[in-house]
Amino acid sequence: MSREYENDGALHAKLIEEVLSHYPDKAAKRRKKHLNVAKSGNEAGGESEVLSECDVKSNIKSIPGVMTIRGCAYAGSKGVVWGPVKDMVHISHGPVGCGQYSWSQRRNYYVGTTGVDTFGTMQFTSDFQEKDIVFGGDKKLEQIIDEIEVLFPLNNGITVQSECPIGLIGDDTEAVSRKKTKEYDKTIVPVRCEGFRGVSQSLGHHIANDAIRDWVFDKKDVKFEAGPYDVNVIGDYNIGGDAWASRILLEEIGLRVVGNWSGDATLAEIERAPKAKLNLIHCYRSMNYICRHMEEKYGVAWMEYNFFGPSQIEASLRNIAKHFGPEIEEKTEKVIAKYRPLVDTVIAKYLSRLEGNTVMLYVGGLRPRHVVTAYEDLGMVIVGTGYEFAHSDDYQRTGHYVKNGTLIYDDVTGYELEKFIEGIRPNLVGSGIKEKYPVQKMGIPFRQMHSWDYSGPYHGYDGFAIFARDVDLAINNPVWDLFHAPWKRSRGDERAMAAE
Amino acid sequence: MPQSAEKILDHAPLFREPEYRKMLAEKKLNFECPHPDEIVSDQRDFTQTWEYREKNLARKALVVNPAKACQPLGAVFAAAGFERTMSFVHGSQGCVAYYRSHLSRHFKEPAAAVSSSMTEDAAVFGGLKNMVDGLANTYQLYDPKMIAVSTTCMAEVIGDDLHSFIQNAKDEDSVPRDFDVPFAHTPAFVGSHVDGYDNMVKGILEHFWKGQERTQVEGAINIIPGFDGFCVGNNRELKRLLDVMGVSYTFIQDASDQFDTPSDGEYRMYDGGTKINEVKKALNAEATLSLQHHNTRKTLGYCEEVGQATASFHYPLGVQATDEFLMEVAAISGKEIPEAIRLERGRLVDAMADSQSWLHGKKYAIYGDPDFVHAMARFVMETGGEPTHCLATNGTSAWEADLKKLLASSPFGKAAQVWAGKDLWALRSLLFTEPVDLLIGNSYGKYLERDTGTPLIRLMFPIFDRHHHHRFALFGYQGALRVLTTILDKIFDKLDRETSETGVTDYSYDLTR
């Protein structure tokens, strides 16, 4: 249910001008290229899919000292791509901090006996000391791998996630990995995701993808009987169980999900992926690289899909089904029909409570566009959106989602985001933990859109119901009406609504 | 279909529904290539043995589930305790995203800090340009009164020199020449967050005190609280006690307001903190007291260098630790401890006496930052409990020696063991082989609670999965009362849970305890 609306492009252009005026000239010049207002593209109207053009510079270095919200390559590799592979031990190789701060924070759900055959919510670190910096850490890494084999013998492999110092002191983690792979006959993957590489998490995703290509594929004789409806789900990290709420639908329409990358994944699921018929990619930004590789090398086709909100779910299911022919298509229609009453009752319950509420988003590399229609399904309006680490192809795709006049901000700074929110006063902001509390202090409801604010899943039909509930409880909570002491100011209109 | 609009199930109940259980079981069976169940359960049982413990404790290189973070986190926390101060961390930018997230997740508050965003080219050529541009941007955008510079390990490995970089930036007019830019080198591969705190506070004091003449003000006291996730409750409680005593004091570093800003429609990027003028004047204090000895060694050393008397404590929590702190303050300030405080003390002791039968002989495992572990062990012994395992991943041999001395001083500490430098995976083995009644630590301890069944009490940074505990004091007699109540609640809740099966344990489920 795509809603027709247009945003106040003039206001947004003015806000951009205002924030830029506060920067030193050099920084203003650079930041200007990252901020824009979505304009009606030439194709708008004609080519029904493209709604606007969101033309900004992206995937370039952040400016020092401005409070970028971005992370690093290590976060992209260990935190996003590799970390969720549950039956492998992921060593945060370097000082203790990186592993500590990222320990158990992404909510990549899995089932297993943690510490015995699965290791997802554990922090393995080489805890570098000064002597390791001075003399190098390769010997220590060997010893660490030996100790892992003694204490965690049921691990099915190890990855070495390099932190900043590793690349700077010239350690050869590849040599150590090769040596130990031979010694233990086990997959050991060195990942060169030092935090100073690239400009954001994004290069870490790419490096992690390349490590799968170079250190996992074709290394073992994979015994697996392929079937005609085998698919991999790529780029679903099972945050709050997203991948499970997706898998249940794909299985219902008759497909066999033989690998999930990488939420709740085992190494076996990664290894067999090239045998599947189709790669279904959810987070395009973090895993398109390996999909392209599998297409080139193994002839596995890939297809983007979107399981946020019923409009996108239905469109995606039909698209996926088309790939497999009438039998699957028929089942798909049945599945869509089966869930339609759930969707209708969820929308009936929440539409009147949420309709017309405005939303600003700032997330990573996919969700700033992917979740747009889910909000619109609930009658809400997206007034601004932006990415931490998108590339130009992401902004191109964003044009398929956002309306004319939408404020677009790439690699937004703390200052800009605060001023944009102040100027627009949306009814809801969806972003990360660092943004949550400043926004809430301003009296504006907020949901974390990385971790689902400890809720979820948000994917699939089951997830949409939870998403709708969460958006409602954020916006309609009575606390927002209590901000002003009554002796200071007369109370405004109260907007809270009790949960139904 | 498990989901319905009437009763929306999120992850916790949703995946317990039969459709999902079946799906997950089939996923495991058909696609995960798991080890056979028997091998997994054998290995799980093996991890609970003395044999596994010995292998586990014999580890030399691998660290698993450590209870410590890296230096710059401590530096960022420290800087947050000064008036309108922005942390500027020189090095890779991802680190700063991590510190901010980590602090926000604990305090449920904003945590501002900026990075100089060094990338590969800066690794080759050094980060001077990043410092010059970065300071200019921070100064102009965020209107700070002071910018406190620390470093990530990247900048440390390539050897960037903060002193000359900051000078260069001033030469290039990034910030006015007289603008305060104290700094501290905070390599992540040395020590832990508590050392980062120490280095940053020392860096700030040096910045303001170096070359200044000191005129001692008798009876004036500086207080350095140390890295403390409970600073919000603790600092306020301590100030209350000092105000009741009428002491002239200055907190050097106080993040209690910064990490507890009100919700009234305004986002305060900066709130509270030690005023710059107070920091300057603090040079003249007669004495500087550190509330966390192992957390402030360098800073205290510097205070001695400038001529101040110093004294340090191990997190003043519990009866005797609070007594000692107050008596020291009384001695330096010349102020008496008023009757009102003596009554408070008496009320705490009264509460302990009321509950002693439930606490006597209880065994504890305690982990966390060095001074906290010291304090908790001491308080546990005051209640008749036994601190069986005392563990600090960032504990030094000096800490170990101090703590052993304390434990030897009480019959309740005779069987206690001190584990300096060990991690929580080691503690797992200790809890299986030498079990205790209660575990005191932080949120990471929940995995130990799950694996070993030892009830966890969260009293230490970071606490991510429970809200607002840090807003209440642990310090002083009032704080001890809260700690006492928290421990007792845990004991009573467990006893009720274990005796609540109708038709089986109708006995023991007592109304009055």
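Biologist: Where does Asp218(A) lie?
Modeller: In this predicted model, Asp218(A) sits in the loop that links α9 (201–215) to β6 of chain A.

Biologist: And what's its phi like?
Modeller: Positive, about 60 degrees, although Asp218(A) is not a glycine.

Biologist: Let's talk about the sheet with β6 of chain A. What's the strand order?
Modeller: The order is β7-β6-β8-β9 in chain A. This is an open sheet of 4 strands, and the pairing is parallel.

Biologist: Which strands stand at the edges there?
Modeller: β7 (256–262) and β9 (301–304) of chain A. Each has a single partner strand, so one side of each is left without a neighbour in the sheet.

Biologist: How are neighbouring strands turned against each other?
Modeller: By 25 degrees on average, with direction ignored.

Biologist: How many bridges hold β8 and β9 of chain A together?
Modeller: β8 covers residues 278–281 of chain A, and its parallel pairing with β9(A) runs over 4 bridges. Within that pair, Leu278(A) is opposite Ala301(A) of β9(A).

Biologist: Which helix lies across β9 of chain A?
Modeller: That's α13 of chain A, residues 310–324. The helix also lies across β6 (230–236) and β8 of chain A, and runs at about 160 degrees to β9(A).

Biologist: What about the bond from Gly456(A) to Pro457(A), cis or trans?
Modeller: Cis again, with omega near -5 degrees. Pro457(A) is in the loop between β14 (446–448) and α20 (460–475) of chain A.

Biologist: Switching to domains. What does the assignment give for chain A?
Modeller: Domain 1 is written in two stretches, 9–65 + 354–454. Domain 2 covers 73–216 and domain 3 covers 230–342.

Biologist: How many residues are in contact between domain 1 and domain 2 of chain A?
Modeller: 10 residues of domain 1 of chain A touch 6 residues of domain 2 of chain A. The centres of these two domains, taken over C-alpha atoms, are 33 Å apart.

Biologist: What's the buried area between those two?
Modeller: About 700 Å² between domain 1 and domain 2 of chain A, with 51% of that from carbon and sulfur atoms. On the domain 1 side, Phe389(A), Ser451(A) and Tyr454(A) lose the most area to domain 2 of chain A, together 51% of what that side buries.

Biologist: And how many salt bridges are found between those two domains?
Modeller: The rule finds 0 salt bridges between domain 1 and domain 2 of chain A. For polar contacts, there are 4 residue pairs, both residues at pLDDT 80 or more.

Biologist: OK, chain B. Which domains is that one divided into?
Modeller: Domain 1 is 1–34, domain 2 is 71–209, domain 3 is 218–340 and domain 4 is 356–481. The C-alpha centres of domain 1 and domain 2 of chain B are 46 Å apart.

Biologist: What about the open sheet of 4 strands in chain B, what order does that have?
Modeller: β6-β5-β7-β8 of chain B, paired in the parallel sense. The edge strands, each pairing on one side only, are β6 (249–251) and β8 (309–312) of chain B. From one strand to the next the twist averages 20 degrees.

Biologist: How many bridges join β7 to β8 in chain B?
Modeller: 4 bridges, with β7 (residues 285–290) of chain B running parallel to β8(B). There, Ala287(B) has Ala309(B) in β8(B) as its bridge partner.

Biologist: And which helix packs on that sheet?
Modeller: Helix α14 of chain B, residues 297–305. The helix touches β5 (217–224), β7 and β8 of chain B, and its direction makes about 160 degrees with that of β8(B).

Biologist: Last topic, the A–B interface. How many residues does the contact take from each chain?
Modeller: 115 residues from chain A and 101 residues from chain B. Between them they bury about 9200 Å², and carbon and sulfur atoms give 63% of that.

Biologist: Which chain A residues lose the most area to chain B?
Modeller: Met67(A), Tyr101(A) and Lys441(A), together 10% of what that side buries.

Biologist: How many salt bridges between the chains?
Modeller: 9 salt bridges between chain A and chain B. One example is Lys68(B) with Asp127(A), where the closest N and O atoms are 2.9 Å apart. The interface of chain A and chain B also has 45 residue pairs in polar contact, both residues at pLDDT 80 or more.

Methods:
Residues are numbered from 1 along each chain as its sequence is written. Chains are lettered from A and ligands numbered from 1 in the order in which they are written. This is a predicted model: local features need pLDDT of at least 70, side-chain atom pairs count only at pLDDT 80 or more; totals for chains, interfaces and linings use all residues. Side-chain values use heavy atoms; hydrogens and water are left out. Two strands pair if DSSP finds at least two bridges between them. Helices (H or I, at least four residues) and strands (E, at least two) are DSSP runs, numbered from the N terminus. Axes are lines fitted to C-alpha atoms, for helices over the stretch in contact, and angles run from 0 to 180 degrees between N-to-C directions. Contact means heavy atoms within 4.5 Å. Domain bounds come from an automatic or database domain assignment. Buried area is the accessible area (1.4 Å probe) that two parts lose on being put together, summed over both. A salt bridge is a side-chain nitrogen of Lys or Arg within 4 Å of a carboxyl oxygen of Asp or Glu. A polar contact is a pair of N or O atoms within 3.5 Å; within protein, one must be able to donate a hydrogen and the other to accept it, and residues adjacent in sequence count only if both atoms are side-chain atoms.
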